[in-house]
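Subject: Structure handover

Hello,

Here is the structure I promised. Please have a look at it first, then read my notes below.

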Amino acid sequence: MSEQADGAGRTGPLSDLRVLELGNIVAGPFASSILADLGAEVVKIERPGVGDAVRSSGESGRPMFDALNRNKRSIALNLKDEDDLDDLYRLVDAADVFIENLGRGTPERLGIGYEDLSERNPELIYLSIKGFQEGPYGTHAGMDVVAEAMSGLMSVTGEPGRQPVRVGTSIADMGAGIYGVLGIMVALRERDRTGRGQRVDGTLFESAAHWMGYWLTYAEEYGRDPEPLGASHPSWGLYDVFETEGGWLFIGVTNERHWDAFCDAAEFPALQEDERFETPEKRRENKEELYDVVQRRLREEDREALFDRLTDANVPAAPVNQPSDLLDDPGLEAAGFLARFQPDESETPELQTVLAPISGEEFGPTQYRDPPSVGEHTQTVLDEWTGDGRGDD
């Protein structure tokens, strides 16, 4: 176990906040992980003997669970059992925030919907994460890819002429979690003024649609939809990934200073003299020719050396990293955003993930507790939350 496994290092701006999370897979756990990284005491409610569904969802399931459920404690409650449900109610009485991402109607059937819990605790902030807001889509089954597809996000992801693809992480789930946490913070500020809690919505479809906002405006203004973007963007002529010796490199030229600096750093003076590319407008008009000319030149360039020259010239550029390239990343390390933790199995080596990147002059995220086993803290939490003292864990 890591030396922070018991949670003794829990500090931060939200350290006086008590959060109950009844979440599965990504959206709900991601939302509460942000609060936990900032010091909130997050207690995860799991089914006895089974736990979060992602625990048993194959090779990728365990890393997903570990990364999203660090810094939390786990209690095991069967919410169809009257005694366990009563225990949950007593925890709700002591909670500030309740987070759930169950199917629509399920919390109400279990007796843990917003109306049920706010009647017991009028100060409770209740985050409900669903696929869609209530309305014509309200009863549709929601999941990450459904939101990516319906929002149009999938239509601009991938390469022109090929089938649409999803983003390579659970982006809509995470978006709903982020907006949900923002709603929690607004509701807490409202509670400071009024003394009352409220329900907060976090939804996958509307979150993804918000990110597609400027493309909706584009479609209406010009009467046509954008093509899939690949790694490019129609606003600029030299903005793409290029094959180099050593891997792919993204280069983004968005103004004349970038253009001149790129040509100098890439040691490509003939490019500046080519009338096809002499203005931003011409570079956009001749985008395919520009890409071909640059790609032929860069294919034999050493990626690391070229990246260093472009960076020194302040040209936006980046190697296309693999996830493994971010292990021990010096930038994340310097910012204090790398979390190191010990999984539940003691023989497993220490692992890494990224903390919620929310920081200020006086606060930042911290790693202080390893991922829990199912129900590991049930009695401890019940004793602390429903007794006379809050405890210091």
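A word on terms first: helices (H or I, at least four residues) and strands (E, at least two) are DSSP runs, numbered from the N terminus. This is a predicted model: local features need pLDDT of at least 70, side-chain atom pairs count only at pLDDT 80 or more, and totals for chains, interfaces and linings use all residues. Residues are numbered from 1 along each chain as its sequence is written, and side-chain values use heavy atoms, with hydrogens and water left out.

**Asp-192**

Asp-192 sits in helix H7 (residues 171-194). Its relative accessible area is 63%, so Asp-192 is exposed. Here exposed means over 50% relative accessible area, buried under 20%, and partly exposed in between (1.4 Å probe, protein chains only). Glu-123 is 69 residues away along the chain, with 9.8 Å between the two C-alpha atoms.

**Strand S4**

S4 covers residues 97-100. Val-97 and Ile-99 are buried on one side, Phe-98 and Glu-100 on the other. Two strands count as paired if DSSP finds at least two bridges between them. S4 pairs with strand S1 (residues 18-22) in the parallel sense, over 4 bridges. There, Leu-20 is opposite Phe-98. S4 also pairs with strand S5 (residues 125-130), again parallel and over 4 bridges. Leu-127 in S5 is the bridge partner of Ile-99.

**The sheet S7-S8-S9**

This open sheet has 3 strands in that order, with antiparallel pairing. S7 and S9 (317-319) are the edge strands, each pairing on one side only. Neighbouring strands are turned by 20° against each other on average, direction ignored. Axes are lines fitted to C-alpha atoms, for helices over the stretch in contact; angles run from 0 to 180 degrees between N-to-C directions. S8 and S9 pair over 3 bridges. Phe-250 stands opposite Ala-318 in S9. H10 packs on the sheet, touching S7 and S8, and its direction makes about 140° with that of S8. H14 packs on the sheet too, touching S7, S8 and S9, at about 20° to the direction of S8. Contact means heavy atoms within 4.5 Å.

**Helix H10**

Which residues of H10 (residues 256-265) are buried? They are His-258, Trp-259, Ala-261, Phe-262, Cys-263 and Ala-265. Their packing partners include helix H11 (269-273), helix H12 (280-285) and helix H13 (287-298). Asn-255 caps the N-terminal end of H10, with a side-chain oxygen 3.1 Å from the backbone nitrogen of Arg-257. Just after H10, Glu-267 has a positive phi of about 55°.

Best wishes

Notes. Polar contact = N/O pair within 3.5 Å; in protein donor to acceptor, adjacent residues only side chain to side chain.
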